[in-house]
Amino acid sequence: MPLPVWFLDTGISEASAVLVWVRPIPAPGDAGPPPAAERRLVTAQHVLRTNDQTDGPYSANLLAWPPGISYQGFPPFELEVDRLLSPTDSTPLQGPEDFAFLKFKSATGADPSPLLSDEACKKGMGGLNICGYTTGSPLIDVHQGETVPAPHPAWTLLNHLKELSMGILSPGMGSPTRGTSGGGVFQEDRYAGVYRGAFGPQGQHCFIPIPHLRTWLRAHGYEFVDLSVTGQLGEIGKQLVSVAQQKTDPAVSALLAPRRHYLQLLSDTLLEFRTQKMLHDHLHYLQLPYATAAWAARAGLQDATNLNTYETAICGISGRMELTAKSITAIPQDAGNNLMLEQERARVWHTDIQNALKSASTTQDNYAGASKACDTIGSILRRQMSRINNNLVQNADMMDLTILADLLEQVGSMSTAPGRDDLLSGSKACSTVHTSLKESIDLHHRWQDLDNLLWEVERCLAADAYNEFLMRWQFMILSLNNLTPLAAGANRPGRITDYVNANQALIDSANRLKLPASFQLLARECRDQFMKVDNQLFALADHVASLRRPLQDLL
């Protein structure tokens with residue numbers, strides 16, 4: 001899943017912001033449920049102010065777009081500065097206070113960022129990624145109108161300044177420039193603080209670390225909450241470990257006994273998903289050099305440039321095949337019948353690709369053999385990726401976390417259970433993640449239905465069955481209109497709407513000659529969006545599959 005870095009238009013400048021959860025700190029001794037968490041965007045204060053961005057009031061014209069959507073086709077979210085949580089704009093900007101919290105004027109269902117712990121945010125911390133909309137809207141133009149933040153990896157926290165309130169970053173990859181300010185500094189996917197810009201004493205890049213933000217929030221009666229999917233899964237894992245440590249307790253053992261079979265089934269499903277995902281990824285990495293080789297073969301290998309491109313790509317496939325073979329061999333022998341069958345299938349397609357590579361050599365008399373080898377490899381990849389893709393969706397659908405929610409709730413309800421509140425919190429997290437997973441699967445099914453209709457419409461166009469095409473076209477439009485939003489608040493991406501309108505205009509004017517080419521643009525855009533939904537589902541399910549290790553400890 002993409003990092004939750006939003007594109008921000010302040011009316012003064014273009015910048016970046018990161019989505020987080022905050023909530024009021026419960027009053028001491030309050031036995032009731034904790035206050036509701038609310039989403040906020042965190043950005044750099046200086047992007048909101050005039051007078052060289054150091055003085056003057058905050059802008060009142062704040063708009064934001066989430067990552068991964070069409071900038072033109074997506075209505076922006078309106079925001080306002082959270083005056084309670086943000087430093088005042090009545091005084092000149094101070095470096096350690098170069099942050100602000102922004103409130104949404106309408107609801108968003110987007111998933112905020114998981115958070116880095118205070119203990120991890122220390123001098124020498126490496127592997128940092130500065131992420132934001134470098135150059136602003138020109139970056140969106142580079143991505144054909146889509147909001148895709150730019151990553152700048154491999155930075156290091158060199159030192160803290162001003163009592164841990166500001167961090168100096170030593171150079172990594174890339175060059176964060178205007179537009180990146182307000183974005184996030186992340187370690188892996190965890191939010192480590194607000195990126196300011198090159199404002200250090202000697203012009204170094206700097207950021208406001210999350211421990212300083214936590215201290216500020218606490219002083220104003222609020223706290224960060226990690227309700228991201230990865231954060232909640234981490235909490236679930238901790239509570240499963242807690243139950244595992246109590247499983248010799250007769251009362252806990254009695255709760256485990258009738259659930260053990262179902263817990264084992266869930267563990268097997270998680271292992272199967274992880275294994276299928278590994279095979280899927282290997283096929284994907286083979287597909288990339290294959291596509292290059294196939295293009296070069298079609299373009300003509302008599303050309304020296306095409307020949308060099310082809311041979312480089314074939315070498316890439318051969319190198320990847322060695323890694324693939326090792327992963328296939330490494331599938332555990334006690335992994336169950338389904339995975340043993342999958343291992344045998346993988347050995348077969350691996351051997352078939354190896355045999356095709358043997359005929360892929362490019363002597364002067366064997367250009368036709370090279371093209372045939374590409375056709376064979378392409379056919380294997382398409383067939384196996386489609387099959388494994390379906391298996392992954394089925395595995396994800398079988399991940400029933402309600403059994404874990406019930407177990408943690410039952411153990412947490414025992415009056416003698418240590419960490420009772422944490423266990424009950426873990427139970428709620430299970431239910432939340434389960435709901436998110438099922439929503440993602442439902443969205444995937446809807447896009448799959450649309451993709452099936454796209455193939456039917458293409459078939460009708462190829463066969464010149466125009467009346468059937470018109471009927472299928474209407475079904476396709478209904479499927480598009482009923483799609484669950486791709487992102488918070490979106491109806492459907494703007495480019496898809498544009499392509500639909502262009503095709504409808506051709507249909508209305510009976511311009512059948514241009515229709516096939518026009519429809520291909522729509523089909524390609526829809527499939528690009530389907531791939532994003534596909535990747536988001538697999539990323540979420542892969543996070544869920546990380547629960548297998550604590551689950552095995554429990555069993």
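User: How much space lies in the second largest pocket?

Analyst: This is a predicted model, so local features need pLDDT of at least 70 and side-chain atom pairs count only at pLDDT 80 or more, while totals for chains, interfaces and linings use all residues. Residues are numbered from 1 along each chain as its sequence is written, and side-chain values use heavy atoms, with hydrogens and water left out. A pocket here is an open set of points on a 1 Å grid over the protein atoms alone, where a 1.4 Å probe fits and protein lies on both sides within 12 Å along at least five of seven lines. Points are joined across faces, edges and corners, and the volume is the space filled by probe spheres set on them; for the second largest pocket that gives about 1,100 Å³.

User: Which element gives the most to the lining of the second largest pocket?

Analyst: Lining residues have an atom within 4 Å of a pocket point, and 30 residues qualify, with Arg23, Val225, Leu227, Glu235 and Ser425 nearest the centre. Helices (H or I, at least four residues) and strands (E, at least two) are DSSP runs numbered from the N terminus. Strand S13 (222–225), helix H3 (229–245) and helix H10 (420–462) each supply at least two lining residues. With eight residues, the most is given by H10.

User: How many residues of the lining of the second largest pocket are charged?

Analyst: Ala, Val, Leu, Ile, Met, Phe, Trp, Tyr, Cys and Pro count as nonpolar, Asp, Glu, Lys and Arg as charged, and the others, Gly among them, as polar. On that basis the lining has 11 nonpolar and six polar residues, and the charged ones number 13.

User: Which residue forms a salt bridge with glutamate 223?

Analyst: A salt bridge means a side-chain nitrogen of Lys or Arg within 4 Å of a carboxyl oxygen of Asp or Glu, and the count comes to 23 in this model. For glutamate 223, the closest N and O atoms are 3.0 Å apart, and the partner is arginine 23. The link joins distant parts of the chain, 200 residues apart: glutamate 223 sits in strand S13, and in strand S2 (residues 14–24) we find arginine 23.

User: Is arginine 214, in its salt bridge with aspartate 118, buried or exposed?

Analyst: The side chains of aspartate 118 and arginine 214 meet at 2.4 Å, N to O. Aspartate 118 lies in the loop between strand S6 (100–104) and strand S7 (128–132) and arginine 214 in helix H2 (residues 210–219), so the bridge ties together parts 96 residues apart in sequence. Buried means under 20% relative accessible area, exposed over 50% and partly exposed in between (1.4 Å probe, protein chains only). Aspartate 118, at 27%, is therefore partly exposed, whereas arginine 214, at 16%, counts as buried.

User: How many residues apart in sequence are the parts that aspartate 226 and arginine 190 tie together?

Analyst: These two side chains meet in a salt bridge at 3.3 Å, N to O. Aspartate 226 lies in the loop between S13 and H3, and arginine 190 in strand S11 (residues 190–197), so the parts they tie together are apart in sequence by 36 residues.

User: How far apart are the end C-alpha atoms of helix H5?

Analyst: The expected span is 1.5 Å times one less than the number of residues. For the 40 residues of H5 (260–299) that should be 58 Å, and the end C-alpha atoms agree, being apart by 58 Å.

User: Where is aspartate 464?

Analyst: Most residues other than glycine have a negative phi. Aspartate 464 has a positive phi near 55 degrees, and at 56% relative accessibility it counts as exposed. Its place is the loop between H10 and helix H11 (466–481).
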